[in-house]
Amino acid sequence: MKFYGINYINDLCSLLNCTRKELFELIQNRQYTQFTIPKKKGGFRLIESPDEKLKKTQRGIADLLNEDYANHKPKCVHGFVKHIFHVPSTKNIGIISNAKNHVAKKYVWNIDLQDFFHSITIVKVRNLFMGNIFKMERTSAEVLALLCTHNKKLAVGSPSSPVLSNFVLLNLDETLQQIANINNLTYSRYADDLTFSSNEIIQTETMSEIRMNIESNGFKLNPLKNRLKKNTQKQSVTGLKVNVKLNVDRKFKRKLRAINHDIDCNGIAAATKKYFKMKSEASKDDISKFVHAYNGLSNYYSLVVNNANQKFEGYETMN
């Protein structure tokens, strides 16, 4: 536990490899660049990117925190988990391990937390560092919280935000897991995507209890992404179908099949032009980018297919 029991600013400076002057200058001159990127399903996502000096410091903080989180990670968490070599439970954790917990269930309930990072305030981050896990002195905890937040909340684009969000949600994850166990549900979380599944009807009272606990922890549910699906409907978890076995959806298959057909029939340059919707001919750099994107799609498909019939050993599902 690298941050455990820090009582003096000098100790924090030593851990972050900087002087007191450099630390306070960094806090006083925190700069973020804001821009938007399109979401896959429409709309735009705000990104708050720290300047290079601050980003480097936040990466260092994140690296130390990721090692600490590996020893606290509940089995239900599958997002923002860095593989730590000496901690086997952090290996092969991601959207596939998350979705596999809910394969072939009669009922799958998906919940999305709205404005996830922005719901985690600087006070929550400070209290995390002062709490039982790290037991830092107040001033050091406040300084560290200032380094990791923007406009008094976690920034979407900061390297330290993902692991901090996992730490902040430790108590909520424990509570939701307990509710799941009592009610014969399987629970898993990938970042702001929460999934509950069961072979029995998920009772209204249980759903209300889950919502109440989420809201009492300062989070809001996204009403547009609150879905309860029976196995007679399409059930998906973190973008993967889980009705009968783990699988990609039809749109993904059709897209990959179309790209393969285009490459075979028209060649890679023409396929590149079509993929990027270009009016001019594709350059070598364009083709290189296309090959990289195509390999990513192909590898992802192969990974899903290869994992479809394998039991995930990192999590014991509740039936």
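**Confidence**

I began with the confidence scores of this predicted model. The chain has an average pLDDT of 92, and 97% of the residues score at least 70. I then noted residues 311-319, where the pLDDT is below 50. Beyond near neighbours in sequence, that stretch still has 25 contacts in the model.

**Helix H3**

At the N-terminal end I found a cap: a side-chain oxygen of Asp51 lies 3.2 Å from the backbone nitrogen of Lys53. I listed the buried residues of H3, among them Leu54, Ile61, Leu65 and Tyr69. The list also includes Lys55, Gln58, Asn66 and Asp68.

**Helix H9**

I repeated the length check on H9, which covers residues 204-216. This helix has 13 residues and reaches 18 Å from its first C-alpha to its last, close to the 18 Å expected. Which residues of H9 are buried? I recorded Thr206, Met207, Ile210, Asn213 and Ile214. Seen down the helix axis, the buried residues of H9 fall within an arc of 130 degrees, so they line one face. I recalled the general rule here: an α-helix has 3.6 residues a turn, so residues three or four places apart point the same way.

On the other side of H9, I found Thr204, Glu205, Met212 and Ser216 exposed. I then looked up what the buried residues pack against, and the partners are strand E3 (107-114), helix H8 (170-182), strand E7 (193-198), strand E8 (220-221) and strand E9 (227-230). After H9 comes Gly218, with a positive phi near 90 degrees.

**Aromatic pairs**

I counted 13 aromatic pairs. The ring centres of Tyr69 and Phe167 are 5.3 Å apart and the planes stand at 75 degrees; an angle over 60 counts as edge-to-face, so this pair is edge-to-face. The pair links distant parts of the chain, with Tyr69 in helix H3 and Phe167 in helix H7 (residues 161-168), 98 residues apart. Both Tyr69 and Phe167 are buried.

I took Tyr187 and Phe196 next; this aromatic pair is stacked, with 4.8 Å centre to centre and 25 degrees between the planes. Tyr187 is buried at 0% relative accessibility, and Phe196 is buried at 0% as well. I also noted one aromatic cluster, formed by Phe3, Tyr69, Phe129, Phe134 and Phe167.

**Ser197 in strand E7**

I examined Ser197, which is found in strand E7. Is Ser197 buried or exposed? With a relative accessible area of 0%, Ser197 is buried. Its side chain makes a polar contact of 2.7 Å with the side chain of His102. Leaving aside neighbours within four places in sequence, I found Ser197 in contact with Asn101, His102, Lys105, Tyr107, Val108, Asn184, Leu185 and Thr186.

Ala104 has a phi of about 60 degrees and is found in the loop between helix H4 (95-100) and E3. At a relative accessible area of 45%, Ala104 is partly exposed. Asp115 has a phi near 50 degrees and lies in the loop between E3 and helix H5 (122-130). At 57% relative accessibility, Asp115 counts as exposed, because the cut-off for exposed is over 50%.

I placed Ala270 in helix H11, residues 268-275, where Ala270 is partly exposed at 33% relative accessibility. The C-alpha atoms of Ala270 and Glu281, eleven residues apart along the chain, are separated by 7.9 Å.

My last entry concerns Asn307, which lies in helix H12 (residues 284-307). Asn307 has 18% relative accessibility and counts as buried, because the limit for buried is under 20%. Not counting residues up to four places away in sequence, I found that Asn307 touches Ile96, Lys100 and Leu246.

Terms used:
Residues are numbered from 1 along each chain as its sequence is written. This is a predicted model: local features need pLDDT of at least 70, side-chain atom pairs count only at pLDDT 80 or more; totals for chains, interfaces and linings use all residues. Side-chain values use heavy atoms; hydrogens and water are left out. Buried means under 20% relative accessible area, exposed over 50%, partly exposed in between (1.4 Å probe, protein chains only). Helices (H or I, at least four residues) and strands (E, at least two) are DSSP runs, numbered from the N terminus. A polar contact is a pair of N or O atoms within 3.5 Å; within protein, one must be able to donate a hydrogen and the other to accept it, and residues adjacent in sequence count only if both atoms are side-chain atoms. The expected span of a helix is 1.5 Å times one less than its number of residues. The arc is that of the directions from the helix axis to the C-beta atoms. Contact means heavy atoms within 4.5 Å. pLDDT is the predictor's confidence in each residue, from 0 to 100. Rings of Phe, Tyr and Trp (its six-membered ring) pair if their centres lie within 6.5 Å; planes under 30 degrees apart count as stacked, over 60 as edge-to-face and the rest as tilted.
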